Amino acid sequence: MNGQEYGIKKLFSEAWSVYCRQFKKIAQITLVVYVPINILLYLLGSHIEKMTTMLKIIQLSETFIGILATMAVALLVQDCVQQENEARTWKEYLQSSYSHWGNVVRTNLLAALIVGALCLLLLVPGIIWWGYYIFAAQVVALRGKSGKDALSYSKALVKGQWWKTCGSLFLIGLANLIVGVALGYLSAYLPEVMSLLSDTLLDIIGGFFSVAVTLLFLNAESLHKGKGNAEPMENTERRA
């Protein structure tokens with residue numbers, strides 16, 4: 001990256017550019033990961049009251065399995081930014097993300113335990129630490145770290161830029177939410193089977209958020225190193 005700090009306008013512009021250029025691969029990754037889950041949710045739709053436990057299990061599975069798409073998109077975005085490995089297929093990105101899947105699940109569970117414990121004590125610290133760990137999946141996928149090391153790396157990048165980082169991602173997420181609400185409203189007037197298509201389309205659109213998070217991660221890392229700092233995790237440990 002060129003070392004220029006991303007504001008929300010720049011982030012949105014760059015994310016949209018990458019998303020459009022790599023739309024085919026992002027859509028392919030998303031379809032493979034999310035369509036099976038969306039089909040299960042659709043089939044359970046008419047029995048939802050009788051199968052709430054099964055529904056919760058599937059929804060929880062969607063969260064963990066969806067991480068595969070998040071990491072695959074992160075790998076794709078990094079290659080796009082660095083103009084490397086442009087011949088890699090969507091299958092190769094998914095295979096690479098699968099090799100890190102166990103690490104990112106463990107890392108996210110650790111983050112959830114820490115944030116949850118802080119929320120029990122007081123809500124605000126929990127929110128702050130959630131922001132610190134926003135790049136956890138990208139750190140695991142792109143830097144090969146996991147657990148406490150990955151969380152420390154993410155925290156070091158966000159520290160001092162919490163409001164800017166979380167504010168930018170909040171606005172991108174809000175844009176995704178508005179689109180999702182609009183799709184949900186439209187699908188309510190369409191045949192029931194269209195809910196499956198709208199959910200899948202929403203997942204593909206959600207890929208834009210993954211692109212934005214990854215670009216913000218790469219930008220934060222570039223700025224950190226551009227200031228003459230060593231690896232973020234090393235700096236964190238040294239301060240501790």
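Arg143 is partly exposed, with a relative accessible area of 25%. On this scale, buried means under 20% relative accessible area, exposed over 50% and partly exposed in between, using a 1.4 Å probe and protein chains only. The model is a predicted one, where local features need pLDDT of at least 70, side-chain atom pairs count only at pLDDT 80 or more, and totals for chains, interfaces and linings use all residues. Residues are numbered from 1 along each chain as its sequence is written, and side-chain values use heavy atoms, with hydrogens and water left out.

**Salt bridges**

Arg143 has a partner: Glu221 forms a salt bridge with it, and the closest N and O atoms are 2.6 Å apart. The pair ties together distant parts of the chain, with Glu221 in helix H10 (residues 194–226) and Arg143 in helix H7, 78 residues apart. Glu221 itself is buried, at a relative accessible area of 5%. A salt bridge here is a side-chain nitrogen of Lys or Arg within 4 Å of a carboxyl oxygen of Asp or Glu. Searching the whole structure turns up 3 of them:

| Pair | Closest N and O atoms |
|---|---|
| Glu221 and Arg143 | 2.6 Å |
| Lys10 and Glu14 | 3.2 Å |
| Asp79 and Arg88 | 3.2 Å |

Lys10 and Glu14 both sit in helix H1 (residues 8–21), 4 residues apart, which is about one turn of the helix. Lys10 counts as partly exposed at 27% relative accessibility, and Glu14 is partly exposed too, at 25%. For the Asp79 and Arg88 pair, both residues are buried.

**Overall make-up**

Zooming out, the chain has 11 helices and 0 strands. Helices (H or I, at least four residues) and strands (E, at least two) are DSSP runs, numbered from the N terminus. Along the sequence, the pattern reads α-α-α-α-α-α-α-α-α-α-α. Of the chain's 240 residues, 42% count as buried.

Two packed helices are described by the angle between their axes and the distance between the axes. Axes are lines fitted to C-alpha atoms, for helices over the stretch in contact, and angles run from 0 to 180 degrees between N-to-C directions. Angles under 35 degrees count as roughly parallel, over 145 as roughly antiparallel, 65 to 115 as roughly perpendicular and the rest as oblique.

How do H5 and H7 sit relative to each other, parallel or antiparallel? Helix H5 (residues 101–121) and helix H7 (residues 136–143) pack at an angle of about 150 degrees, with their axes 9 Å apart, so the two are roughly antiparallel. With helix H8 (residues 147–158), the axis of H5 comes within 8 Å and the crossing angle is roughly 70 degrees, so H5 and H8 are roughly perpendicular. H5 passes H7 in a right-handed crossing, and the crossing of H5 and H8 is right-handed as well. Right-handed means that the near helix is turned clockwise from the far one by less than a right angle, left-handed anticlockwise.

**A nonpolar patch**

On the surface, Ile8, Phe170, Leu171, Leu174, Leu177, Ile178 and Val181 form a nonpolar patch with about 660 Å² of accessible area together. Patches are made of residues with over 30% relative accessible area and no salt bridge, with nonpolar side chains (Val, Leu, Ile, Met, Phe, Trp, Tyr) joined within 5 Å and like charges within 9 Å. Areas come from the Shrake-Rupley method with a 1.4 Å probe, and for residues only the protein chains shown count as cover. Helix H9 (residues 162–187) supplies the largest share of the patch, 6 residues. Val181 is found in H9 and is exposed, with a relative accessible area of 54%.
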